[in-house]
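Me: I have this model open and would like to go through it with you piece by piece. Can you take my questions as they come?

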Amino acid sequence: MSAPGNDQIATSAGRSNNLLARLILRRILLGFGLLLAASMLVYGGVEMLPGDFAATYLGRDATPESVEHVRKELGLDRPMIQRYGEWLGGIVQGDFGTSWSNHNSVAEQLWKRLGNSMLLAVASAAIAVPLALGLGMIAVRYRNRFPDRAISILSLAAVSLPEFFIGYLLIQFFTVQLGVAAFPATVYDGMSLGERLSAIALPVLTLVVAVLAHMMRMTRSAILNVMSSPYVETAELKGLSALRIIAEHAAPNAVAPIVTVIALNLAALVVGVVVIEVVFVYPGIGQYMVDAVTVRDMPVVQACGLIFAAIYIVLNLLADIVSILANPRLRHPR
């Protein structure tokens with residue numbers, strides 16, 4: 001027979017696992033609900049945009065009869081709810097419809113452009129996240145001293161500058177003045193990974209500057225909040241170095257807020273590529289969406305908007321799940 005203490009531990013662990021599973025399942029169901037609501041907002045919002053594709057496509061000399069004929073061919077004469085249901089049903093099957101402007105499959109163009117955009121986002125995140133965590137720890141280690149103040153001043157300056165302005169500054173400095181970076185950024189099939197990374201150097205640097213400051217400041221704040229905890233004081237009394245205390249004791253217990261702000265900034269990073277891709281003429285999903293807005297190609301705009309919303313929701317969902325798993329009160333309830 002097992003000891004009563006072991007039975008209590010097993011029962012407590014079972015309750016903890018059940019609680020964690022329920023919380024995670026609730027977050028996942030909430031994510032699906034948010035995604036459905038986002039699809040309604042995206043479709044309805046694009047439908048309410050001013051202008052008419054048929055009139056734009058046919059030009060100023062179009063007759064009312066020809067405009068009405070094009071609208072009927074595109075199905076715009078049917079109720080919006082019916083068109084939304086068909087659109088959502090197609091998306092569930094991986095069909096985003098057909099572009100009105102060039103009659104190509106939206107899904108084929110979308111996945112190709114999305115791959116280029118994700119290359120930008122992943123490369124930027126691979127640089128920004130570890131750099132933000134490192135600088136945040138250094139700022140805590142040298143709190144209220146020169147390194148901390150210098151990092152704070154530079155981060156405030158970076159937060160104050162819009163992304164497109166940072167991009168133009170980098171173009172002016174590296175391309176116009178030094179002539180060391182290729183512009184515009186061009187990625188095409190057949191390029192090696194090294195060639196691709198070289199081509200996207202300036203857009204990646206722009207995105208890193210845009211998101212680094214906020215992540216670094218929130219990392220600093222989250223770690224400072226736990227620096228006065230008893231276990232940190234105990235580590236100090238043991239004679240551990242300041243950086244070791246921060247890295248091994250303070251930072252792991254500040255995971256939840258750090259992960260949340262990193263997820264939010266990564267989501268902003270993916271959505272923020274719209275502006276950067278336009279500035280650098282980069283063939284990504286952001287440039288694809290802007291081009292579609294220009295000609296009022298609604299299937300493309302709706303598909304891009306839904307992809308951005310889905311990425312934002314998924315990243316926030318992952319941040320919630322990590323925060324739940326990192327919470328010791330949920331993992332080891334009394």
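Me: How far apart in the helix are Tyr84 and Trp87, in turns?
Reply: Tyr84 and Trp87 both belong to helix α4, which covers residues 80–92, and because they are three residues apart there, about one helical turn separates them. An α-helix has 3.6 residues a turn, so residues three or four places apart point the same way. Please keep in mind throughout that this is a predicted model.

Me: And are those two buried or exposed?
Reply: Tyr84 counts as buried, with a relative accessibility of 14%, and Trp87 counts as buried too, at 9%.

Me: OK, what about aromatic pairs, how many are there?
Reply: The count comes to five aromatic pairs.

Me: Which residues make up the aromatic cluster with Tyr84 and Trp87?
Reply: The cluster is formed by Tyr43, Tyr84 and Trp87.

Me: What is the geometry of the Phe96 and Trp111 pair?
Reply: Phe96 and Trp111 form an edge-to-face pair, with 5.8 Å from centre to centre and 80° between the planes. Phe96 lies in the loop between α4 and α5, while Trp111 is in helix α5 (106–141), so the pair ties together parts that are 15 residues apart in sequence. Phe96 counts as buried, at 6% relative accessibility, whereas Trp111 counts as partly exposed, at 45%.

Me: Where does the charged end of Arg141 sit?
Reply: The charged end of Arg141 sits over the ring of Tyr142, at 4.8 Å from the ring centre.

Me: Switching to pockets, what is the volume of the largest pocket?
Reply: The largest pocket has a volume of about 310 Å³. Its lining is made up of 17 residues, and Tyr43, Arg83, Trp87, Gly97 and Pro299 are the ones that lie nearest the centre.

Me: Which elements give two or more residues to that lining?
Reply: Those elements are α1 (4–47), α4 and α14 (298–326), and the largest share, four residues, comes from α4.

Me: How far apart are Ser99 and Met298?
Reply: Their C-alpha atoms are 8.0 Å apart in space, although the two residues are 199 residues apart in sequence. Ser99 lies in the loop between α4 and α5, and at 2% relative accessibility Ser99 counts as buried.

Me: And how far is Ala309 from Leu34?
Reply: The C-alpha atoms of Ala309 and Leu34 are separated by 9.2 Å, and the two residues are 275 residues apart along the chain. Ala309 is in helix α14 and counts as buried, with 16% relative accessibility.

Me: Now the helices, where is the kink in α12?
Reply: The kink in α12 is of about 35° and is centred on Gly272. Helix α12 (residues 255–279) has 25 residues, which at 1.5 Å a residue should span 36 Å, and the end C-alpha atoms are 35 Å apart, in agreement with that expectation.

Me: What about α9 and α5, where do they bend?
Reply: Helix α9 (residues 201–226) has a kink of about 35° centred on Leu212, and its 26 residues reach 37 Å from first C-alpha to last, close to the 38 Å expected. In α5 there is a bend of about 25° at Ala125, and the 36 residues of that helix reach 50 Å, close to the expected 52 Å.

Me: Last topic, what is the phi of Val281?
Reply: Val281 has a positive phi of about 50° although it is not a glycine. The residue comes just after α12, in the loop between α12 and α13 (285–294), and is partly exposed, with a relative accessible area of 48%.

Me: And what is the phi of Asn144?
Reply: Asn144, which is not a glycine either, has a positive phi of about 65°. Asn144 is found in the loop between α5 and α6 (146–160), and at 52% relative accessibility it counts as exposed, because the cut-off for that class is over 50%.

Key:
Residues are numbered from 1 along each chain as its sequence is written. This is a predicted model: local features need pLDDT of at least 70, side-chain atom pairs count only at pLDDT 80 or more; totals for chains, interfaces and linings use all residues. Side-chain values use heavy atoms; hydrogens and water are left out. Rings of Phe, Tyr and Trp (its six-membered ring) pair if their centres lie within 6.5 Å; planes under 30 degrees apart count as stacked, over 60 as edge-to-face and the rest as tilted. Buried means under 20% relative accessible area, exposed over 50%, partly exposed in between (1.4 Å probe, protein chains only). A charge sits over a ring if NZ of Lys or CZ of Arg is within 6 Å of the ring centre and within 35 degrees of the ring normal. The expected span of a helix is 1.5 Å times one less than its number of residues. The bend at a residue is the angle between axes fitted to the seven residues ending there and the seven starting there. On a 1 Å grid over the protein atoms alone, a cavity is a set of points where a 1.4 Å probe fits but cannot get out, and a pocket is an open set with protein on both sides within 12 Å along at least five of seven lines; lining residues have an atom within 4 Å of a point. Grid points are joined across faces, edges and corners, and a volume is the space filled by probe spheres set on the points.
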